[in-house]
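Me: I'd like to learn how to read a protein complex, one feature at a time. Could you walk me through it?

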Amino acid sequence: MAETNTYDAIVVGSGISGGWAAKELTEKGLKVLLLERGRDIEHVKDYVNANKESWEFPHRGQATRQMREDYPVLKRDYPLNEETFGMWANEKESPYTEIKRFDWYRGYHVGGRSLLWGRQSYRFNKWDFEANAKEGIGVDWPIRYEDVAPWYSYVERFAGIQGSKEGLEVLPDGDFLPAMDMNCVEKEVAARIKKHYNGQRHMFIGRSANITQPKPEQNRVNCQYRNRCWRGCPFGAYFSTQSATLPAARATGNLTLRPHSIVTRVLYDKDKKRATGVEIIDAETNKTIEYKSKIVFLCASSFNSTWVLMNSATDIWPEGLGSSSGELGHNVMDHHFRLGAGGRVDGFEDKYTFGRRPTGIYIPRFRNIYDDKRDYLRGFGYQGGASRDRGGHKVAEMTIGADFKEALCEAGDWNIGITAFGEILPYHENKIMLDKNKKDKWGLPVLAMDVEIKENELKMRKDMMNDAAEMLEAAGVKDVKTYDASYAVGQGIHEMGTARMGRDPKSSVLNGNNQVWDAPNVFVTDGACMTSGSCVNPSLTYMALTARAADFAVKELKKGNL
Amino acid sequence: MNRRELLKMVALATGGVVIGGEFLLTGCKNAASDAGFSLSPEQIALLDEVAETILPTTKTPGAKAAKVGEFMQVMVKDCYELKDQQIFTEGIVKLEEACKKANGKTFMECSAEERTKFLQQLDAERKEYQSKKKQEEPNHYFQMMKQLTLTGYFTSEIGATQALRHVAVPGKYDGCMPYQKEDKAWA
């Protein structure tokens, strides 16, 4: 049978955003082609390491020398290990250029990084959407919290976010499943922080996309507290494309998923000022194929969505579709982190935990809100947790033999640690561009990264570290030590910006409905669209913006506007 | 205990980051070829006894039962940088020489008490060396052996399920369960 090449909609990328786009558009009756550049990973069946115990890994989880040689970027941080090996983009096939160091951790397979994400799920607050305008940074978001709030609720209900309602303006509550529990030490530290700061600082369970009640309608079982999410969950207990959006899209009968499909450009009709589809290279056969559609959703991850735009309609705009503003590829953001503090908590030696909880605690932003005013803009939040180590501080004094072994087999000290995650401002000069001198395995130009953090972030980092120690000390934590493991841009794995939303086609790539100003039937709804970054983990916002844009797109399509 | 916590525990117990487990920032200049590295059955048997002396059989099986010697070979061959492989291999020879000097016989010929006493001295030497060495200077070979013993034992089936407690599918979370001294820790 000949392959059908015409669809109502094409979705590029099958990660968190692409999965949502496919689900929403198919459920609204559109015939959708979902294109994924990498291989297929089938839910449960292909989670090859999901049920392995530590001793079933030849290197007990550690990366081998060969892996380190093959993955020179990935090895810079924790993602390179034996447990998730094979779930990250092949760096030899898909290189990129670092004008400045940029750690880019990519998931090139069906599900993308939805299989590998940290699952922390927070709403932006009203100030996040207003700050750029108030402070004269970048451009104003074309939308406000109220525009996104119903869509946050919508995606939270489907994805399944566990969390506690706290009634805070700085971190709006969502439509949560019952919260996972803090352990007794976390509860005590939270109470002490609350008391010391007169209820102005808060610590509660980290909100995450792990379900705490079964979702039989999605064939998902509640979290079993194995904390092996990154290997793929056989219970479907955390939100991923595979566990949630893909089966929903398939159930409509309207979805065609095509793996091994590298989208090279959006096809553009300059007379109608509309996209007509996309061109792909089949990653296995190297064949070029064109697919036609009424609308295109670019959800290929921030930088790759922008890469597709840069390669599109270049006969009209040499820098690519959406480049007429001069902002395409600019305003790269991430979250800067890897510093904070930790210490020992005494007095809970008769308490322990059962089960491996797949989330920690969260301390929302308290800087530069209400009356607080710092010598930098924006703020940061903390993620962390308390746990008991083995043997504790006494082990360091022991050496060899039975006593040493026994000490290591017993529970030791309770420790608590918190790590700060801070906002990075959108700087025009932080940019990605095409490096036409370097080609990937398929002969396509690669991206070059030129991004750095600046004075605002560096000033913020002082508070990020010192506030952590101050809070823990105020809460009675002993031997508090600060740490700064230094941050390289990209390590947050929260790439944002490069095709920002805005109110004016002269200074933004997308409008308030995620439409490319120069091609209104092309939507970009992944991290590329972000006008500013907040300090909270961004994936939930991509989900909400994608669902919102899909709703708008179908309505416009029905009105004949696209 | 997840992998990061394990690395932290091993680092704490040996006062240094886990060799071969650190997140490397510099390029790997070595070729991946490991043609030069292999251990003889005798060397693996020796490493089993070294590991058993560090983590002996008590109420629960020790490191030898958990085949830690074989584990060391796999890790040094596949995960260590070539320069660290060399330190490890030379370390086996040095350990034997030091043992002969201290006890007048090979490590295998020593009694359990002699082995423990000897390794306690060697561990003191390791600790002294590690605390004084500059970051770029090589690790002490016994730092490697001790780290590999801890990692290998506590991630083995025996270590995780007999010396420690392990529940594959906990099914629930209790953030405040009772604990009495000498209760086993979770793997």
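Me: Let's start with charges: which side chains of chain A and chain B meet in a salt bridge?

Reply: A salt bridge is a side-chain nitrogen of Lys or Arg within 4 Å of a carboxyl oxygen of Asp or Glu. Here A:Glu410 and B:Lys181 form one, at 3.2 Å from N to O. The count between chain A and chain B is 2 salt bridges. Before we go on, note that this is a predicted model, where local features need pLDDT of at least 70 and side-chain atom pairs count only at pLDDT 80 or more, while totals for chains, interfaces and linings use all residues. Residues are numbered from 1 along each chain as its sequence is written, chains are lettered from A and ligands numbered from 1 in the order in which they are written, and side-chain values use heavy atoms, with hydrogens and water left out.

Me: How many residue pairs are in polar contact across the interface of chain A and chain B?

Reply: A polar contact is a pair of N or O atoms within 3.5 Å; within protein, one must be able to donate a hydrogen and the other to accept it, and residues adjacent in sequence count only if both atoms are side-chain atoms. By that rule there are 30 residue pairs, both residues at pLDDT 80 or more. Helices (H or I, at least four residues) and strands (E, at least two) are DSSP runs, numbered from the N terminus. Among the elements giving two or more residues to chain A's side are helix H2 (65–70) and strand E12 (351–354). H8(A) gives the most, with 6 residues.

Me: What area do chain A and chain B bury between them?

Reply: The size of an interface is often given as the accessible area lost when the parts come together. Buried area is taken with a 1.4 Å probe and summed over both parts. For this pair it is about 5900 Å², 57% of it on carbon and sulfur atoms. A:Arg65, A:Phe354 and A:Arg390 supply 16% of the area that chain A buries against chain B, more than any other three residues. As for contact (heavy atoms within 4.5 Å), 62 residues of chain A and 85 residues of chain B take part.

Me: Which strand of chain B is joined to E12(A)?

Reply: Two strands pair if DSSP finds at least two bridges between them. E12(A) runs antiparallel to strand E1 (residues 174–178) of chain B, with 3 bridges. In that pairing, A:Phe354 stands opposite B:Asp174.

Me: Within chain A, which strands stand at the edges of the open sheet?

Reply: The sheet has 6 strands in the order E5-E2-E1-E9-E20-E19, with mixed pairing. Strand E5 (255–258) and strand E19 (515–516) are at its edges, each with a single partner strand, so one side of each is left without a neighbour in the sheet. E19(A) pairs with strand E20 (residues 519–524) in the antiparallel sense over 2 bridges.

Me: Which residue takes a positive phi in the hairpin of E16(A) and E17(A)?

Reply: A:Gly443 does, near 80°, in a hairpin with 5 residues between the strands. The two strands pair in the antiparallel sense over 6 bridges, and A:Asp435 stands opposite A:Val446.

How values were computed
Buried area is the accessible area (1.4 Å probe) that two parts lose on being put together, summed over both.
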